[in-house]
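Hi,

Here is the structure I promised to hand over. Please open it first; my notes follow below.

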Amino acid sequence: MPTLYLIPTPLAPDTAAQVLSPPIAEAVARLDCFFVEELRTARRFISGLRTGRVIDETTFFDLHKDTPEADTKRQLIGLLAQNRDAGILSEAGCPGVADPGAVAVRLAHELGFRVEPLVGPSSILLALMASGMSGQSFVFHGYLPIDRADRSRTLKQLETDARKRQQTQIFMETPYRNNGLLTDLLATALPDTRLCIAANVTAPDALIQTKTVKQWKGNPPDLHKKPTIFLLF
């Protein structure tokens, strides 16, 4: 039975040695086929591990949000027929978590692959761990609506859910829109709502801090183009 390995990648540049477990480099050295979200990033990551893997002898399949599911299924069927192992490389963090790799994982289960997740960084879980908020009950919502009116309504509902259910609400935004989301969040949420901002997680300049909305209003950080996880409670 072939195996599909789920291979995490660093969240921040030049942190591979600190955040990746040894089995990741071992798997990359052994495999010659990868499903990847962005080819250039994947090639750079593999080269940076210095495992001896020859890039030009490696097969890469596109796996991004617009990849037709039929293409991925056909590629997996081809690997299955050859009894050939493969890996999924996340663009940043863990495959399948806020990541299009979940499609390939679902198909792999349906087709009879063995699926093996490897240990690595997840900005969502690291932010939750560091937030001081409930790790017993939490929901990850991914991206919120872009329209400001819709987003404000969604934020109010998340705040209500957090209070009513005692449940941490986790979400994110495209990095260049972070400041707009933060502005709307601070304008919408109640003063005593707790907000954790986790930006550039694992990087030397990481910001992970929990304050009330009232406290954040006095000195909001500049999050422009900084990968950020937001948590409400």
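A salt bridge here is a side-chain nitrogen of Lys or Arg within 4 Å of a carboxyl oxygen of Asp or Glu. Keep in mind that this is a predicted model. The structure holds 14 such bridges.

**Salt bridges**

Start with helix α5, residues 101–111, which contains both Arg 106 and Glu 110. Their side chains form a salt bridge, at 3.4 Å from N to O. Four residues separate them, about one turn of the helix. Arg 106 is partly exposed, at 37% relative accessible area. Glu 110 is exposed, at 53%.

Next, Asp 184. Its side chain meets that of Arg 148 in a salt bridge of 2.4 Å, N to O. This pair links distant parts of the chain: Arg 148 sits in helix α7 (residues 148–165) and Asp 184 in helix α8 (residues 178–188), 36 residues apart. Arg 148 counts as exposed, with 52% relative accessibility. Asp 184 counts as buried, with 4%.

Asp 184 has a salt bridge to Arg 151 as well, with the closest N and O atoms 2.7 Å apart. Arg 151 is in α7 and Asp 184 in α8, so this pair ties together parts 33 residues apart in sequence. Arg 151 is buried, at 5% relative accessibility. These residues belong to a network of salt bridges that links Arg 148, Arg 151, Glu 173, Arg 177 and Asp 184.

**A buried arginine without a partner**

Arg 53 is in the loop between α3 (39–49) and β3 (59–62). It is buried but has no salt bridge. The nearest side chain of opposite charge is Glu 57, 5.2 Å away. That is beyond the 4 Å cut-off, so the pair does not count as a salt bridge. A polar atom of the Arg 53 side chain does lie 3.2 Å from the backbone oxygen of Ala 29. Beyond its neighbours within four places in sequence, Arg 53 contacts residues including Val 28, Asp 32, Ile 46 and Thr 58.

**Strand β1**

How many of the five residues of β1 (residues 3–7) are buried? Five of the five, so the strand is largely enclosed by the rest of the structure. Thr 3, Tyr 5 and Ile 7 point one way, while Leu 4 and Leu 6 point the other. β1 pairs in parallel with β5 (residues 114–117) over four bridges. Four bridges also join β1 to β4 (residues 86–89), again parallel. Leu 4 has bridge partners in both: Val 115 in β5 and Ala 86 in β4.

**Annotation**

UniProt lists residues 27–214 as "domain: Tetrapyrrole methylase", in an unreviewed entry. That span is 42% helix and 21% strand. Its end C-alpha atoms lie 47 Å apart.

Best wishes

Technical notes:
Residues numbered from 1 in each chain as written. Predicted model: local features only at pLDDT ≥ 70, side-chain atom pairs only at ≥ 80, totals over all residues. Heavy atoms only, no water. UniProt positions renumbered as here; feature names shortened; annotations may be inferred. Helix = DSSP H or I, 4+ residues; strand = E, 2+ residues; numbered from the N terminus. Buried < 20%, exposed > 50% of the residue type's maximum accessible area, 1.4 Å probe, protein only. Pairing = 2+ DSSP bridges. Lys, Arg positive; Asp, Glu negative; His and termini not counted. Polar contact = N/O pair within 3.5 Å; in protein donor to acceptor, adjacent residues only side chain to side chain. Contact = heavy atoms within 4.5 Å.
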